[in-house]
Amino acid sequence: MTSQDRVPMVQLLNPEGEYGVPSAYAEYGKYIEALKEEDFLKFYRDMARMRRFDYEATALQRQGQLGLWIPAIGQEAAQIGSGYAVGHNDHIFPSYREHGVAITHGIDLMSILKMLRGVNHGGWNPDETRFHLYAIVLATQTLHATGYAMGVKFDGKVGNGDLENDLAVITYIGDGATAEGEASESFLFAATNKVPLVYFIQNNQYAISSPVATQTTVPLFQRGAGFGVPGIRIDGNDVLASYAVTKKHMDDAREGAGPHLIEALTYRMGAHTSSDDPTKYRSKDEEEYWKARDPLARLEKFLRRQGINQSFFDECEAAGEELSAYVRSETFALGNPPIENMFKHVYSEAHPLIEEQLAWLEGYEASFDDASGNGGAH
Amino acid sequence: MSNTVEMSIAKAINAGLRRAMQDNPKVLVFGQDVAQLGGVFRVTEGILDEFGPSRIFNSPIAEAGIIGTAIGLAMRGYSPVTEIQFDGFIFPAFNQITTQLAKIQNRSEGYLSMPVVIRVPFGGGIGAVEHHSESPEAYFAHTPGLRVISPATPNDAYWMIQQAVASKDPVLFFEPKRRYWQKGPVNLDTPPAGMHTAKVVREGSQLTIATYGPMVTTSLEAAAIAAEEGTSIEVIDMRSMAPIDFNTIIESVKKTGHLVVVSEASTNVSVASEVAARVAELAFYHLEAPVLRVGGFDVPYPAAKLEEKFLPDADRILEAVDRSLAF
């Protein structure tokens, strides 16, 4: 692979599913030791759910049910591990591939499919779920996360040693988005204000077709250092490293340590989106290399070593079948949104153009009903 | 008895901001050099002393960062009042303003609102170097989700900044920088009309001038000269470029039959263009001449020694008035 792969990274679970805490990373071990068997099973269950959802959504896109699909296969460990490390008051500012993080925060997966079908822009309540809407324009969300974290600090909700009420913010970006100027401005504002913010960079090796070397000459975990945002690299295909390192830095941020950056080295096993063709820019050998590091298979090996028996994996498989059936039937049942939806919430108060244009469009639409004589001809 | 004091536009914005900050503890003021210095035009002078560094603070010189963090603060329940130091420096923030700030309320189906004010000293006439004299309001007036206003008098400056801060929607607040020191009465008790209502600032019968921002003063000068020559001009201060109060303009045009739209901005695809188009649509049979636009030329804002030839003045406005009346 590239020279970047020789940089040390936090790995607690090797590709063979063997758990161990290297002495250099001893501080992270306690977060895993505090977990119970049920937590490991939860990680697996949701990683399997995320992958199954991805397969199903890909099929729905191919059948014309979705306008687009954004696969996240291969990034399950990075997303489920870090997602579960986020505390019950914390806020999450995702990019647009964080379906796994959404799973960990109770977002109805149909909300994601509705968005990619073109029914709405997500539709969930960001205040209530603390999982903000997907950001399509790269890195814009890093500044929103920074501003939110500034507000948290102004509210005095940091550094009180009160884990029930203090809170921190996490923002997800990809390797490609780190090149945006707004990511750099975010690092600067976060550092100068010393806000409770963790950057979780999923370095999945490609920005559509451009390899990460197009975006950076230094490893991305070092990207924030010059701004005053220290960073660490983790094995992004290791759910335990993802969980433990995110948990530690979210706790530290909540306690007033300031911003931190985590680079999760992972691999987008699928295409950038359903419109992409990875065979044009990457090799079979490379795909095989990463297949051997599949995060889901790795966790399965670990669980089997722990003595988890086949019935658990059968249950997960059955749950996957159920999820697929649910997603398919719900998607087929989705109608088109009413036309007035596009005029809603453009402004919070009355606006003459909006009112005039909605009234006009309704009259125009109604004119077809009148002309057809039998209604609904359009 | 109303409590009226004389002050400049700059002082009136300052006083209005202070009152907004007293009324709502969630109002924060930030931008480049706004704290100790009070901004390069001293509009925020003294606010640090009164409210302290938790309410007003300097930002790094990074406009996208200023607006992007304002969005995050608004999500957290704050009401940020940001300053972009000069009109020509707003473009690094263009992405955050147009793709995020303007759209987040709609994107979130109303779960989030964006009560963010962006103060922008705009327009020319101060002999400045490049990028310090521009009128970029059309970019923002074109963007759904934004409100765009400009006060032309101290009284409007005092009240419209408070109305902008109170709005739940993002407001671009364009300050006519060459008029900052222009003084006038401010009624501290009674607000004028809402921030999107146009105002007839001089009554007349033969021709209507619709204008806003720094050109209100220039248009009033032109109307005074015309009056001496026996021509009666009605001047409308539009006050708002998005939404535009077309009713007030249409009512006036129904009376005069002639309309000249004046602004400093380059006229091609401008706010003035929209006024001309809509008036043609809504008052076609009342017009006795085509709507004329007087504005900056469609060239980059020129070097300072040429700006008086670029900017409309009373004579350029009167030339259009003559053409309209002679049609």
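Author: Over all chains, the count comes to 34 salt bridges. The rule asks for a side-chain nitrogen of Lys or Arg within 4 Å of a carboxyl oxygen of Asp or Glu. Side chains of opposite charge can pair when their charged atoms come close. This is a predicted model, in which local features need pLDDT of at least 70 and side-chain atom pairs count only at pLDDT 80 or more, while totals for chains, interfaces and linings use all residues. Residues are numbered from 1 along each chain as its sequence is written, chains are lettered from A and ligands numbered from 1 in the order in which they are written, and side-chain values use heavy atoms, with hydrogens and water left out.

Take A:Lys248 and A:Glu27. Their side chains form a salt bridge, 3.5 Å from N to O. A:Lys248 sits in helix H9 (residues 239-254) of chain A and A:Glu27 in helix H1 (residues 26-33) of chain A, so the pair ties together parts that are 221 residues apart in sequence. Helices (H or I, at least four residues) and strands (E, at least two) are DSSP runs, numbered from the N terminus. A:Lys248 is buried, at 14% relative accessible area. A:Glu27 is partly exposed, at 42%. Buried means under 20% relative accessible area, exposed over 50%, and partly exposed in between, with a 1.4 Å probe and protein chains only.

Next comes A:Asp235 with A:Arg298. This salt bridge has an N to O distance of 2.8 Å. It links distant parts of the chain: A:Asp235 is in strand E6 (residues 231-235) of chain A, and A:Arg298 is in helix H11 of chain A, 63 residues apart. Both A:Asp235 and A:Arg298 are buried.

A:Asp251 and A:Arg254 meet in a salt bridge at 2.5 Å, N to O. Both lie in helix H9 of chain A, 3 residues apart, about one turn of the helix. A:Asp251 is buried at 14% relative accessible area. A:Arg254 is buried too, at 5%. Salt bridges with shared partners also join A:Glu27, A:Lys248 and A:Asp252 into one network.

Now for some surroundings in chain A. A:Ser82 belongs to helix H3 (residues 76-85) of chain A. Its relative accessibility is 0%, so A:Ser82 counts as buried. Leaving out residues up to four places away in sequence, A:Ser82 touches A:Ala77, A:Tyr172, A:Phe200, A:Ser242, A:Tyr243 and A:Thr246. Contact means heavy atoms within 4.5 Å.

A:Ile308 is in the loop between helix H11 (295-305) and helix H12 (310-332) of chain A. A:Ile308 is buried, at 10% relative accessible area. With residues up to four places away in sequence not counted, its contacts are A:Glu37, A:Leu41, A:Leu303 and A:Phe313. A:Glu37 is 271 residues away along the chain, yet the two C-alpha atoms are separated by 9.4 Å.

The axes of helix H1 (residues 9-23) of chain B and helix H7 (residues 154-166) of chain B come within 8 Å and cross at roughly 30°. That makes H1(B) roughly parallel to H7(B), a class for angles under 35 degrees. Among the residues that meet are B:Ile13 and B:Leu17 in H1(B), and B:Trp159 and B:Ile161 in H7(B).

Conventions
Axes are lines fitted to C-alpha atoms, for helices over the stretch in contact, and angles run from 0 to 180 degrees between N-to-C directions. Angles under 35 degrees count as roughly parallel, over 145 as roughly antiparallel, 65 to 115 as roughly perpendicular and the rest as oblique.
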